[in-house]
Amino acid sequence: MTLIFSGNDFKYELESVVKLFIPATLFDIHYDIKPEYLVGDYCFIRRKKGKENTYLYTVCRIDGKSDARVQSILNSADNYEGDCEITLARLLFKCLTALTGKSAKWGILTGIRPVKRVNKMIDMGMSRQDIESELSETFLCDKSKIDIAYKTALTQKRALEDISSKSFSLYVSIPFCPSRCSYCSFVSQSVESSIKLIPEYVDRLCDEIAYTANMFSDKGLRLDTVYFGGGTPTSLDASQLEKIMKAISDSFDLSSLREYTVEAGRADTITREKLEIIKSCGADRVSINPQTMNDSVLKAIDRRHTVKQFVDSYMLTKEIGFNSINTDLIAGLPTDTVESFMKTVDEILRLDPENVTVHTLSIKRAADLNRRSETVIDNPAEKMVEYASKRLMESGYDPYYLYRQKNMLENLENIGWSKPYKESLYNIYIMEENQSIIALGAGASTKLVARDGHLKRIFNYKFPLEYIKHFDTMLEKKNEAWEFCKQNIL
Ligand code: SF4
């Protein structure tokens, strides 16, 4: 497939629209050539400025069939560049829908945070009806997606009622896993291959925690939430976990904390001793992720635990007593069927967790799954997600955060569901970018939200070995974060 841009360079946005219809393709990109000379499939995207109007054209050819669209806008439009881009995206979307017979329910909203746009519209005072018209007519969204995005925005508004601009969250990265699941492309290292690094990683991480606390404590900032993620934080042994959690409670003032999550993740890493330490060190929310309640699917994704191990860990977590337990599921896993996924959802609902996060499989380049060319064709993910949404809503859960990733099956989304008033604040902060999050450890990134809303991201080293080797630079990055904070947040 060749993409030709003429009189514009909206490559990033428009390439994303083409990918909705023709996924997993490398495009040939050209500028200002005429499509008549091309053999094969192409999309020709042209902007031509006249005296008063600008003419926007898309011409697409796929398998010998062609479709063309045109629209004009005023040169004097307030948001001229933005209008040109959105109009071209819409024309392209319509051409490709006509030629492929496919549709994409999020329309031309290809970004990862569709709810952020809805939140902005609500904040501008737009009515629900106006928001629905805008999403449907300008962005070509399907009603089902508009409804879920709007419901999610409303839940967030309630959950974030008393958010303070002087509060922040901490993210602590433990980038190790007991083994690698086949669908995963996170920068996590399996414990088998990196066990030697763990003691030094834990020591450096404790140093980074103390250094950061020294800088940010007692400066009028309130620590709101703490989140241990990874990887699988419970890949560490009980004493390593305790050392890091104690470093947090010894260094930071936790008296205003509203939520403290530890992702236990995989059932094969969970023990009573670790859960008791997690609780006694102050965490009140734990995530245990079965992904599926079908042993043969767990085997197919190389996730080395069983359904029974998950249920046992879940019951143990309940017995020890946490304010909230989250369980992650994935729709569209290899060998899974709609019936088996429905059974997964029903079994999870019987366990009655406070939060359920329903992900859609995203085929990542780095994941082993993709390398084995098992890209799932005609995947029933959409039916699975629909069933999960219906059952969760019937069971009293509200959607509270939603995001999309590249290459998600059927262009779907991930949705966090929660019982009322049990929403994870951290998940909303990270997704809606409305609170600064200071990241500690390898593979994580700090995101600072300035008073005027602009964002600054500071990336930590990706891998544990780099993190350990260049630890001085890691501390310099914390200095940089503090300088930004002084000038733009305090
Ligand atoms: S446990 Fe999670 S982070 Fe670790 S390999 Fe599996 S999916 Fe990836």
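Residues are numbered from 1 along each chain as its sequence is written. In this predicted model, local features need pLDDT of at least 70, side-chain atom pairs count only at pLDDT 80 or more, and totals for chains, interfaces and linings use all residues.

**Exercise 1.** State where pLDDT stays under 50.

*Solution.* First, recall that pLDDT is the predictor's confidence in each residue, from 0 to 100. The chain has a mean pLDDT of 91, and 95% of its residues reach 70 or more. Next, locate the stretch under 50: residues 370–376. Where pLDDT is low, the predicted coordinates should not be read in detail.

**Exercise 2.** Determine how helices α8 and α9 are oriented to each other.

*Solution.* Helices are DSSP runs (H or I, at least four residues), numbered from the N terminus. Helix α8 covers residues 238–251 and helix α9 residues 272–280; they pack at an angle of about 5 degrees. Such angles run from 0 to 180 degrees between N-to-C directions, with axes fitted to C-alpha atoms over the stretch in contact. Angles under 35 degrees count as roughly parallel. Therefore α8 and α9 are roughly parallel to each other.

**Exercise 3.** Decide whether Glu423 is buried or exposed.

*Solution.* A residue is buried if 20 or more other C-beta atoms, placed from the backbone, lie within 10 Å of its own, and exposed if 12 or fewer. Glu423 has 25 other C-beta atoms within 10 Å, so Glu423 is buried. Glu423 lies in the loop between β15 (414–418) and α15 (425–432).

Notes. Two residues are in contact if their C-beta atoms, placed from the backbone, lie within 7 Å. Helices (H or I, at least four residues) and strands (E, at least two) are DSSP runs, numbered from the N terminus. Angles under 35 degrees count as roughly parallel, over 145 as roughly antiparallel, 65 to 115 as roughly perpendicular and the rest as oblique.
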